[in-house]
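This report is written for a reader meeting the chain for the first time. It goes from the whole chain to single elements and then to single residues.

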Amino acid sequence: MAAPLDAASRRQRTEGVRVLLLDRGFDGTQIADLPWLLPGAKSLSYGINMAAKRYAVANGADDVVFTTPERALLEGPTSSVVLDLDGELVTPPLDGILRSITIDDLATAAESAGLTMRFAPLHADDFARCRGAWLLSSGRILARITHVDGDPLPTSPLNADLVTLLDVPGA
């Protein structure tokens, strides 16, 4: 199915997104050995994911980043998360997380541009020490996270580079 990108997603490319951290109720490593179930945070069953997004909007945010009960970062309902930690791009490991085409694109582009990107465990507290963060998805491509649970987040010095590397339309 092909359809124009909605106005909210186009706006989020340029203005960014406010996110809430919501507990997904399980640890990704608990289900990593059960790939046939596909119970990752970005599940193929969108019921929970769309309910989470509605909850975010009803509570003054645009989107969600799921965490484990121990507050390890997973991903968004329809997106992946990347943090700038001291100039290094870091995204959660794929334990219980569906692979992201946009993350693969960023990893390839980052390497070509001389930027370091790696998969590593991240915790909700990492938002307090990061230089910036983004949600990545095939629709929005790249959306800067402006607020986490209502607290402002800085804009990474790498933001313009990532916009260019991923050729984000309209940004």
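Two residues are in contact when heavy atoms of theirs lie within 4.5 Å. The model described here is predicted.

## The chain as a whole

The secondary structure of the chain comes to 6 helices and 8 strands. In sequence order these elements follow the pattern α-β-α-α-β-β-β-α-β-α-β-β-β-α.

The chain has 171 residues, and 48% of them count as buried. Among contacts with a separation of 6 or more, 70% come from residues 24 or more positions apart.

Which strands pair with β3? One is β6, residues 132-137, which pairs with β3 in the antiparallel sense over 5 bridges. In this pairing V82 stands opposite W134 of β6. Another is β4, residues 88-91, also antiparallel to β3, over 3 bridges. Here L83 stands opposite V90 of β4.

## The turn between β3 and β4

The hairpin of β3 and β4 has 2 residues between the strands. D86 lies in this loop. Its phi is near 55°, a positive value in a residue other than glycine. Is D86 buried or exposed? The relative accessible area of D86 is 65%, so D86 counts as exposed, the cut-off being over 50%.

## Helix α4

Helix α4 runs over residues 101-112 and has 12 residues. From its first C-alpha to its last it reaches 17 Å, close to the 16 Å expected at 1.5 Å a residue. S100 caps the N-terminal end of α4, with a side-chain oxygen 3.3 Å from the backbone nitrogen of T102. After the helix comes G114, whose phi is positive, near 80°.

The buried residues of α4 are T102, I103, L106, A109 and A110. They lie on the same side of α4 because they cover an arc of only 130° around the axis. An α-helix has 3.6 residues a turn, so residues three or four places apart point the same way. The buried residues of α4 pack against β3, β4, β5 (117-119), β6, β7 (141-148) and α6 (159-165). On the face turned away from the buried side are the exposed residues I101, T108, E111 and S112.

## Helix α3

Helix α3 takes up residues 46-58, which is 13 residues. At 1.5 Å a residue it should span 18 Å, and its end C-alpha atoms are 18 Å apart, so the two values agree. Just after α3, G60 takes a positive phi of about 80°.

Which residues of α3 are buried? They are N49, A52, K53 and A56. Seen down the axis, these residues fall within an arc of 95°, so they line one face of α3. Strands β1 (17-23) and β2 (63-67) are among the elements that cover them. R54 and A58 are exposed residues on the face of α3 turned away from the buried side.

## K53 in its surroundings

K53 is found in helix α3 and is one of the buried residues of that helix. The side chain of K53 makes a polar contact with the side chain of T78, at 3.5 Å. Apart from its neighbours within four places in sequence, K53 is in contact with D62, D63, V64, P77 and T78.

## A residue after α6

D167 lies in the segment after α6. Although D167 is not a glycine, its phi is positive, at about 50°. With 61% relative accessibility, D167 counts as exposed.

Definitions and conventions
Residues are numbered from 1 along each chain as its sequence is written. Side-chain values use heavy atoms; hydrogens and water are left out. Two strands pair if DSSP finds at least two bridges between them. Helices (H or I, at least four residues) and strands (E, at least two) are DSSP runs, numbered from the N terminus. Buried means under 20% relative accessible area, exposed over 50%, partly exposed in between (1.4 Å probe, protein chains only). The expected span of a helix is 1.5 Å times one less than its number of residues. The arc is that of the directions from the helix axis to the C-beta atoms. A polar contact is a pair of N or O atoms within 3.5 Å; within protein, one must be able to donate a hydrogen and the other to accept it, and residues adjacent in sequence count only if both atoms are side-chain atoms.
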